[in-house]
Amino acid sequence: MRRRRRRYRPIPRYSEASVNVTPLIDVVMVLIVFFMLVARIGISTGAEAMTLPSTLTGVKIEDLGNTLTLNVHYENLPQPQVMALIGGEMHELPISDGRGNQPLMETLKAFRERNRDFKVILRAPKSMPYSYLEPILQACAQAAVKNVNFSTEVRMEEVRP
Amino acid sequence: MKLNIARNVHYESGPNMTPLVDIVMVILIFLMLAGSFGGAEHFLTSNLPLAQKGLSNAPPPPGWVPDEPLEIRVDPVGDGFRATAGVIRASDAATLTLQLENMRDQFNHAGTATNKIQVIIIPAKNVQYDHLIKVYESALNAKFEKVAFATAHD
């Protein structure tokens, strides 16, 4: 007679109860790579928030180190108020200070003499009249700044008749 | 009797991911807080921001041919604008682009290369910057290479 082997009931396995973090790491790593590619850390151009005109066409400026961003304000002012980030601080650069000096033109001239590739980025509200823009363009021309870039928002749709 | 209990205990073996997750989360939060994102902005570039006359007394070099000027007057009309230049009459960017393209073709057929045409936008003092940018963009879209603003007309 065949002897039947006695079977023991298996003892339940001990398994460590823990959260599976692998999908979390996957997602977080993707986010980190995204932020590293897209974010610009430590670059501040001094651009102030304002309602810019929108355009379909336009170029990106890669070498922001050669640029000076001029933020133009005009509301309730007799002449445009130009603000720029110079030396890590925002400075007002008046067209004329009333004593015969032209701080905006002189600043642009100094930048231009130090750097031949110097560019100006102009940010102005879309509703600003041309009478406020004209003296700034004149200051650029007098300072021999040839490269002026009008900052605009990207318009997505195209309207053609 | 020998019990076979301890042999079947399973220990999970593998790297401890907790420090990695900690560091990765710190990096992620740092990047989210410290990074600034370029908004949806781009630039219309001008290599001659303001066309001025009579700045230099130097004689032009021999053989120099002055650029053919194409002057576009821009006036405010209600909430919009009106751009006029010869036969061009436009009050929106798309129409202006088409008319400027036709004008450029006429210049080219007449033997004037596009890079010898100087487009000069002459706005009124109270024209909005938004409308000027539309005119400027229209000139660029019409493939003009030299576009500048002039001092305001009366």
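Author: Let us begin with two terms: helices (H or I, at least four residues) and strands (E, at least two) are DSSP runs, numbered from the N terminus, and two strands pair if DSSP finds at least two bridges between them. The model is predicted, and its local features need pLDDT of at least 70, side-chain atom pairs count only at pLDDT 80 or more, while totals for chains, interfaces and linings use all residues. Residues are numbered from 1 along each chain as its sequence is written, and chains are lettered from A and ligands numbered from 1 in the order in which they are written.

Reader: What makes strand 3 and strand 4 of chain A a pair?

Author: Strand 3 (residues 81-86) and strand 4 (residues 89-92) of chain A are joined by four bridges in the antiparallel sense, and the requirement is at least two bridges, so the two strands count as paired. A:A84 has A:H91 of strand 4 of chain A as its bridge partner. The hairpin made by these strands of chain A has two residues between them, and A:G87 there takes a positive phi near 65 degrees.

Reader: Which residues have a positive phi although they are not glycines?

Author: Among them are A:N76, at about 55 degrees, and A:A144, at about 60 degrees. Their values stand out because most residues other than glycine have a negative phi. A:N76 is in the loop between strand 2 (67-73) and strand 3 of chain A, whereas A:A144 lies in the loop between helix 3 (130-142) and strand 6 (148-154) of chain A.

Reader: Are those two residues, A:N76 and A:A144, buried or exposed, and how do you know?

Author: A residue is buried if 20 or more other C-beta atoms lie within 10 Å of its own, exposed if 12 or fewer, and partly exposed in between, with C-beta atoms placed from the backbone. A:N76 has 5 other C-beta atoms within 10 Å, so it is exposed, and A:A144, with 11, is exposed as well.

Reader: Why is A:K119 counted as buried?

Author: A:K119, which is found in strand 5 (residues 119-123) of chain A, has 21 C-beta neighbours inside 10 Å and therefore counts as buried. Leaving aside neighbours within four places in sequence, A:K119 is in contact (C-beta atoms, placed from the backbone, within 7 Å) with A:N66, A:T67, A:N147 and A:N149. A:K119 and A:T67 are 52 residues apart in sequence, yet 4.6 Å apart in space, C-alpha to C-alpha.

Reader: How do you know at what angle helix 1 of chain A and helix 1 of chain B cross?

Author: Axes are lines fitted to C-alpha atoms, for helices over the stretch in contact, and angles run from 0 to 180 degrees between N-to-C directions. For helix 1 (residues 22-38) of chain A and helix 1 (residues 18-34) of chain B, the axes come within 10 Å and cross at roughly 35 degrees. Residues making this contact include A:L24, A:F35, B:V21 and B:M32. The contact divides into 15 nonpolar, no polar and no charged residues, where Ala, Val, Leu, Ile, Met, Phe, Trp, Tyr, Cys and Pro count as nonpolar, Asp, Glu, Lys and Arg as charged, and the others, Gly among them, as polar.

Reader: What classes of residue make the contact of helix 2 with helix 3 in chain B?

Author: The axes of helix 2 (residues 93-109) and helix 3 (residues 129-141) of chain B come within 8 Å and cross at roughly 35 degrees. Their contact, to which B:L96 and B:K134 are among the contributors, has five nonpolar, three polar and two charged residues.

Reader: Why is helix 3 of chain B described as largely enclosed?

Author: Of its 13 residues, 12 are buried, so helix 3 of chain B is largely enclosed by the rest of the structure; B:Y129 and B:L140 are among the buried ones. Helix 3 of chain B lies across strand 2, strand 3, strand 5 and strand 6 of chain B, running at about 165 degrees to strand 5 of chain B.

Reader: What span should helix 3 of chain B have?

Author: The expected span is 1.5 Å times one less than the number of residues, and for the 13 residues of helix 3 of chain B this should be 18 Å, which agrees with end C-alpha atoms 18 Å apart. Helix 3 of chain B is followed by B:K143, whose phi is positive, near 70 degrees.

Reader: Which strands of the chain B sheet are called edge strands, and what makes them so?

Author: Five strands of chain B form an open sheet in the order 4-3-2-5-6, with mixed pairing. Strand 4 (88-90) and strand 6 (146-149) of chain B are its edge strands, as each pairs on one side only. The twist averages 20 degrees from one strand to the next.

Methods. Contact = placed C-beta atoms within 7 Å.
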